[in-house]
Amino acid sequence: MLKILFYSFISIIILFWGCQLSQEIIDENNMDGAMDLASYVNPLVGSASSFKLSHGNTYPAVALPFGMNFWTPQTGDMGDGWIYTYGAQKIQGFRCTHQPSPWMNDYGAFSLMPMVGKLEIDGKKRGSRFEHENEISYPHYYKTELDTYGVIAEMTATERSGYFRFTYPPTNDAYIVLDAFHEGSMVKVIPKERKVIGYCKNNSGGVPDNFASYFVVVFDKPFTTYGTWQDSVTQVGKAESEGDHTGAFLKFKTEFGEEISVKVASSFISLEQAELNLNREVGDKDFDDIKDEAQTRWNSALHRAVVEGGTEEQKATFYTALYRTMLFPRKFYEFDEENSMQHYSPYDGKVHEGYMYTDNGFWDTFRAAFPLLNILYPEMTSHIMEGFVNAYKEGGWLPTWPSPGYRKVMIGSHSASLFAEAYLKGNQNFDYKTAYKAIRQDATKEPPAFAPGRDGLKAYNRLGYVPYPDYKEATAKTLEYAYDDFCIMRMAQALNKNRDAKIFERKAMNYQNVFDKGTNFMRGRQANGQWVTPFDPVEWGGPFTEGNAWHYNWSVFHDIQGLIDLTGGREKFVAKLDSVFTVPPDVKVGTYDTTIHEMTEMVLAKMGQYAHGNQPIQHMIYLYDYAQEPWKTQYWTRYVMDSLYAPTPNGLIGDEDNGQTSAWYVFSALGFYPVCPVVPSYAIGSPLFDQVTLHLDNGNIFEIVAENNGPVNYYIQEAELNGRRLDKTWITHQNIMGGGRLRFVLDEQPNKDWGSDPEDVPYSLSNENVEFPSTGR
C-alpha cells in the first residue's frame with residue numbers, strides 16, 4: 001500500500017511538472033509565430049487500462065496523422081492486445097503496430113529492442129525496467145531510459161517508416177534484437193549493407209492467405225556479430241530464418257554515449273516497396289530531421305483548431321483528444337516508383353491502384369469522429385470514402401469494422417452514414433454512385449458468410465424490426481438500421497432516386513416498432529409481436545449491445561421529435577432525460593453473465609445510468625436542445641468535460657475507440673455536436689474556451705467566442721452568428737465552412753428563454769416546423 005501511495009504521489013508531481021514543462025516548450029519553440037501545439041499532447045492519456053477496466057485502452061502512438069505505421073513502446077507480451085499499459089514495469093521492445101483497439105488486436109507487427117550483456121530473445125526475459133519520470137511522449141517523438149541496460153531509446157516516425165536512436169554505455173556486448181513475431185515470419189541479415197529484411201504474417205483476422213507485412217531495417221554502424229533464430233533456436237552467424245516465429249540479433253561494440261541509428265520501413269505490397277518507402281520518406285535524413293518534420297506535420301494538423309483561454313490542463317486534454325481523432329482511419333496505400341498510388345487489398349489479396357483506408361469501427365466513429373473529419377479534413381474525407389468504395393469493389397461488400405479487411409464485429413451498416421454525410425456536406429470527390437449502390441445492397445440483400453451486411457435483414461424488412469431472441473442484440477440492430485435507412489433516404493433524395501427515397505423514409509420510422517409505450521422504453525420484441533418478458537431497464541445485453549434500455553432509448557438520431565411524441569410529449573421526455581442522471585447506477589449483467597468493463601465504468605462515473613464510457617448514449621445530453629430546455633445541455637456537457645476527461649494516463653472513462661470519445665470532447669469544447677451526423681447541422685452546447693479559431697481547408701476561418709466564460713459561467717445568455725442574433729439551438733455545416741463568427745455571452749445562471757421556443761429546436765424527421773438544413777453543396 002505504501003508503495004502504491006508513493007507512486008501515486010510521484011505521478012502527481014510528474015503531471016504538474018509536465019504541464020509546466022509543456023508550457024515552457026510552447027513559449028520557447030515558436031514556429032513562424034505559431035505555438036507548438038504538439039507539446040500539449042500527452043499520448044500516455046488512456047494507457048492506464050486493462051481488460052477489466054478501461055481508462056481509454058490506448059497506447060502512446062508515435063506516428064504522423066493517419067499514418068500507415070505507428071510505433072510504440074511494448075510492455076505486453078507478444079499477442080497481448082494491451083501493448084502498453086501505464087502500470088507495467090518493463091519494456092520488451094519498440095514495436096511497429098497497426099492495432100486500432102486491444103479488442104481487435106494487432107497485425108503486421110514486429111519490434112526492435114536494444115540491450116547490453118547476455119543476449120535474450122524471449123520477450124519477457126529481455127524486458128528492461130523503466131521509470132515514467134524518464135519517459136518523454138509526444139505524437140512525433142518518444143524517449144525513455146532502459147534502466148536494466150543503461151540504454152537511452154528514442155523514436156520518431158514518417159507515414160510508413162520509423163527512425164530509432166539508441167544511446168549505449170561502453171561495452172563489447174551491445175545488441176539490437178529484431179523480433180518478427182509468431183504466426184509466420186522470415187528474417188534475412190545482409191551484413192555488407194548493414195541491413196535486415198523480412199516479413200511477418202501475424203494478424204487477428206480479416207486478411208487473405210497471402211497477407212504479409214514486409215520490412216527493411218538499416219543500421220548506421222556495422223555489426224561485429226549477427227545471427228537469427230527460429231522458434232527459440234538461436235544460431236550465431238546464420239543469416240536467414242523462416243518459420244512460425246523468427247528474429248534476428250545484431251551485436252556491436254560501443255563507446256560511452258555512442259549512438260546507433262536505425263531506419264525502418266515496411267510495406268504490405270513487397271520487400272521492394274518497403275525499400276522504396278524507406279528511401280522516399282527517410283533517405284539520407286538523420287534522426288533529428290525526421291523528428292522535426294514530424295513535429296511540423298503535427299503542428300500543422302493541430303492548428304486546424306487554435307484555442308485561447310481555459311486552463312493548461314484543459315488545453316492538454318483538448319489537443320490530446322484532437323491528436324486521437326487524427327490517427328484513424330489509417331492510410332493503407334503506398335506509392336510506386338512512378339509515384340502512382342497503389343495498395344494491397346485486404347479484401348481480395350491483390351494489388352490495386354487508388355486509395356485504401358482501414359482500422360475503424362464505424363459503430364463508434366460515425367457519431368462524432370467522422371463528422372469532425374468532415375469539418376477539419378474535408379478533402380481527405382473524400383479520399384477515405386473512395387477507399388471504402390474500393391473495399392466494396394474489391395470484396396463485393398462494404399466493411400463495418402475494417403482491420404485491415406472484413407471483421408464481423410459490432411452492429412449496424414454505418415457506411416451508409418459515412419457516405420451520406422460526406423456527400424450531403426459537400427465532400428463529394430469520390431465515386432458516390434457506386435457508394436450508393438453499395439449501401440443500398442447492405443439494406444436489401446442478405447450478406448454471404450464472410451461479409452458483415454445486416455444481420456436479421458429479412459426479418460427486419462418483413463416485420464419492421466429485428467426479432468429477439470431470434471437474433472441477438474436485435475433491438476439495438478433495429479434502431480441502428482432505422483438510422484442507416486434514414487441516411488440512405490437522404491442520399492437517395494440528393495441523387496434524385498425518388499422511389500428509393502420513399503421506401504427508405506418508411507423504413508427510417510421502424511424505430512417506433514420497438515418502443516413500448518407501457519414502459520416508455522425501447523424493448524426486445526418477439527417475431528409474434530409480443531414484448532420479451534421479463535423486462536428490467538437496467539439489464540444489460542440480450543436485445544442490446546454493450547448496454548441496456550436506458551442507453552438505447554435515445555438511439556433515434558434522425559427523429560428526436562418522433563421519440564418525444566412516443567414518450568408522451570416534451571415534459572415527459574425531459575423528465576425521462578433528467579431521470580438518466582438520478583436513477584441509481586444499478587447493473588444486472590443479463591446475457592453477459594459477468595460484469596464487463598463498460599458496466600464498471602458506468603458505476604464509477606457516478607452519473608446514474610449515464611454511461612459515457614460507451615458510445616450509444618454519448619449524444620443523449622444534447623437532446624435537451626430538441627426538448628426546448630437547452631440550459632440542461634449546457635450544464636451537462638460542461639460537467640462531463642470537467643469530470644470525465646483529464647490529461648493523465650487514467651484521464652478517460654471507457655474505450656477511446658478510434659477517436660470517437662475524443663471527438664465528443666473536441667466538439668463539446670467547441671460548443672456544438674453532431675447529434676445526427678447525416679443532417680448538416682449541429683446542436684449547441686456550451687463552449688469550453690474563451691475563443692477557438694478553426695482554420696478550414698477552404699481558407700476560411702470560423703471563430704467561436706465565449707464572453708464572460710468561466711468554471712461556473714457556462715449558461716448561454718445570448719448568442720450571435722456573424723453579428724446577427726441567434727436564438728436557435730443549432731448551427732449549420734454551411735455556417736461553419738463559410739467562415740464567420742459565433743459569439744456567446746455566458747453567465748452562471750441559466751437563461752431559460754434562450755432557445756426555448758418550438759421553432760428553435762434542431763431538425764427531426766417528424767418535425768415539419770424545422771426544414772432539413774441546406775446541404776452545403
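**Pockets, cavities and packing in the predicted model**

By class, 19 nonpolar, 15 polar and 13 charged residues make up the lining of the second largest pocket. Here Ala, Val, Leu, Ile, Met, Phe, Trp, Tyr, Cys and Pro count as nonpolar, Asp, Glu, Lys and Arg as charged, and the others, Gly among them, as polar. The model is a predicted one, with local features needing pLDDT of at least 70 and side-chain atom pairs counting only at pLDDT 80 or more, while totals for chains, interfaces and linings use all residues. Residues are numbered from 1 along each chain as its sequence is written, and side-chain values use heavy atoms, with hydrogens and water left out.

That pocket holds about 980 Å³ of space and is lined by 47 residues, with Val 409, Met 410, Glu 473, Thr 545 and Glu 546 lying nearest its centre. The elements giving two or more residues to this lining are α6 (362–365), α12 (474–494) and α17 (597–605), and the largest share, 3 residues, comes from α17. As for terms, everything is worked out on a 1 Å grid over the protein atoms alone: a pocket is an open set of points with protein on both sides within 12 Å along at least five of seven lines, a cavity is a set of points where a 1.4 Å probe fits but cannot get out, and lining residues have an atom within 4 Å of a point. Grid points are joined across faces, edges and corners, and a volume is the space filled by probe spheres set on the points. Helices (H or I, at least four residues) and strands (E, at least two) are DSSP runs, numbered from the N terminus.

On to the cavities. The count comes to 7 of 30 Å³ or more. The largest cavity contains about 170 Å³ of space; its lining runs to 17 residues, of which Asn 57, Thr 58, Pro 100, Arg 324 and Phe 328 lie nearest the centre. By class, that lining splits into 7 nonpolar, 7 polar and 3 charged residues. The second largest cavity has a volume of about 70 Å³, and Arg 324 turns up in its lining too, along with Val 45, Thr 317, Thr 320, Ala 321, Tyr 645, Ala 646, Gly 651, Leu 652 and Ser 662. Helix α5 (residues 312–325) gives the most to this lining, with 4 residues.

Finally, a helix pair. Helix α8 (residues 378–395) packs against helix α10 (residues 432–444) at an angle of about 60°, with their axes 10 Å apart; axes are lines fitted to C-alpha atoms, for helices over the stretch in contact, and angles run from 0 to 180 degrees between N-to-C directions. In α8, Val 389, Tyr 392 and Lys 393 meet Thr 434, Ala 435, Lys 437, Ala 438 and Gln 441 in α10, contact meaning heavy atoms within 4.5 Å.
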